[in-house]
Amino acid sequence: MTEAISAQLEVLRARGLEPGLYLVATPIGNLSDITLRALSVLLQADQICAEDTRHSARLLQHYRIGTRVRPYHDHSSPEQREIILGLIKDGQAVALISDAGTPLISDPGYKLVRDVLEAGYPVISLPGPTAVMPALTSSGLPSDAFCFLGFLPNKSAARIKRAAQVSTLDATLVFYEAPSRVKASLHDLAHVLGPRDAAVVRELTKQYEEVVRGSLAKLAQTFDARDVRGECVIVVGPPGEEAEVSDDQILARLQHALRDHTVRDATRLVMDEMNLPKNRVYRLALSLERS
Ligand code: SAM
């Protein structure tokens, strides 16, 4: 460790920690991606709440952090949150970490943050690793406006509905996805969003890190032929200037909506979701019903 790094850690240590909840981002693969401030908070905190204590042990052992660790996830009972709140009320600094990346970003922590704030105690969020940002910036897709949408629903009908809801957003879309569902999601996204540029970003910061770029349809084809492993993010570019929603995209959404709704209700649902004029959607809904 260089003298400058040791000195910086010493400065942080000398400042000490106020009581409160510290949200500490941890590496998403490469352990060197931790920040000096994250290390300092984890070393000095009175307790660390971890999504999975065994999983986090590797990180903590690597940096020889001996702080006491207790489990916390969003299924933890309100009583568990009360206990953590009690520690903060008693003047303790409590750090929250998830298995990887930034807590609360598709990870536990929201309920705890809400409770701590409601009780009037500070929540301090340390910026650091998360998969959203490197996925977006390495995708080669526009990064000026983007929308992070977390995980898509597991079932195809719900996925199609979700994609239709965001189809008119003038922004790059970022989805987290489990490897087992990447193929199906790419097909559904291609079906609803049409010929947009996209990227699948895999295993960020790890040995087999890769970015596969192409149209959604091309990516669906590419991944059909592959055994998808590791952690993946799907990034989809915004609709093109000329890319009005096509009749095929509306028909795809209507087909699903008509399974559970009348023509009139399906029309209303799809026109609201896709922000389209009623006449156009109604005409397509009628044509579907006739056929
Ligand atoms: N809190 C984390 C964050 O800040 O990114 C996300 C946790 S979420 C449970 C896990 C998902 O994040 C994975 O399914 C994948 O979509 C994405 N992810 C996490 N690490 C990744 C990595 N190294 N490469 C690509 N995607 C990753």
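The secondary structure of the chain comprises twelve helices and ten strands, taken as DSSP runs numbered from the N terminus (H or I, at least four residues, for helices; E, at least two, for strands). The model is predicted: local features need pLDDT of at least 70, side-chain atom pairs count only at pLDDT 80 or more, and totals for chains, interfaces and linings use all residues. Residues are numbered from 1 along each chain as its sequence is written, and side-chain values use heavy atoms, with hydrogens and water left out.

The C-alpha atoms fill a box of roughly 75 × 40 × 30 Å along the principal axes. The chain exposes about 15100 Å², and carbon and sulfur atoms supply 50% of this area. Accessible areas come from the Shrake-Rupley method with a 1.4 Å probe; for residues, only the protein chains shown count as cover. Of the 291 residues, 44% are buried. Buried means under 20% relative accessible area, exposed over 50%, and partly exposed in between (1.4 Å probe, protein chains only).

In soluble globular proteins, nonpolar side chains tend to be buried together. A nonpolar core is here a set of buried Ala, Val, Leu, Ile, Met, Phe, Trp, Tyr and Cys residues joined through side-chain atoms within 4.5 Å. The largest such core has 39 residues, and Leu 186, Leu 189, Val 236 and Leu 254 have the most contacts inside it. Helix H8 (residues 182–193) gives the most to this core, with six residues. A second, separate core holds 18 residues, including Val 24, Ile 65, Ala 95 and Leu 126. Residues up to four places away in sequence aside, Val 236 touches Leu 141, Ala 171, Thr 172, Leu 173, Phe 175, Leu 189, Leu 193, Arg 196, Asp 197, Ala 198 and Leu 216.

Strand S4 (residues 93–97) is largely enclosed by the rest of the structure, because five of its five residues are buried. In a regular strand the side chains alternate between the two faces of the sheet. Ala 93, Ala 95 and Ile 97 point one way from S4, while Val 94 and Leu 96 point the other way. Two strands pair if DSSP finds at least two bridges between them. Strand S1 (residues 20–24) runs parallel to S4 and is joined to it by four bridges. Gly 20 has Ala 93 as its bridge partner in S4. Strand S2 (residues 47–50) also pairs with S4 in the parallel sense, over four bridges. Here Ile 48 stands opposite Ala 95.

Helix H2 (residues 36–44) has Ala 38, Leu 39, Ser 40, Val 41 and Leu 42 as its buried residues. These pack against helix H1 (3–15), S1, S2, helix H3 (53–62), S4 and strand S5 (123–126). In helix H5 (residues 110–118) lies Asp 115. Asp 115 is buried, with a relative accessible area of 18%. Residues up to four places away in sequence aside, Asp 115 touches Arg 81 and Leu 85.

The ligand is surrounded by 18 residues, and the closest are Ile 105, Asp 107, Thr 130, Tyr 176 and Cys 232. A residue counts as near if one of its heavy atoms lies within 4 Å. A ligand nitrogen is 2.8 Å from a side-chain N or O atom of Asp 107. A ligand oxygen is 2.6 Å from a side-chain N or O atom of Tyr 176. A backbone N or O atom of Leu 204 lies 2.8 Å from a ligand nitrogen. Taken alone, the ligand exposes 570 Å², of which the protein buries 90%.

Technical notes: Contact means heavy atoms within 4.5 Å. A polar contact is a pair of N or O atoms within 3.5 Å; within protein, one must be able to donate a hydrogen and the other to accept it, and residues adjacent in sequence count only if both atoms are side-chain atoms.
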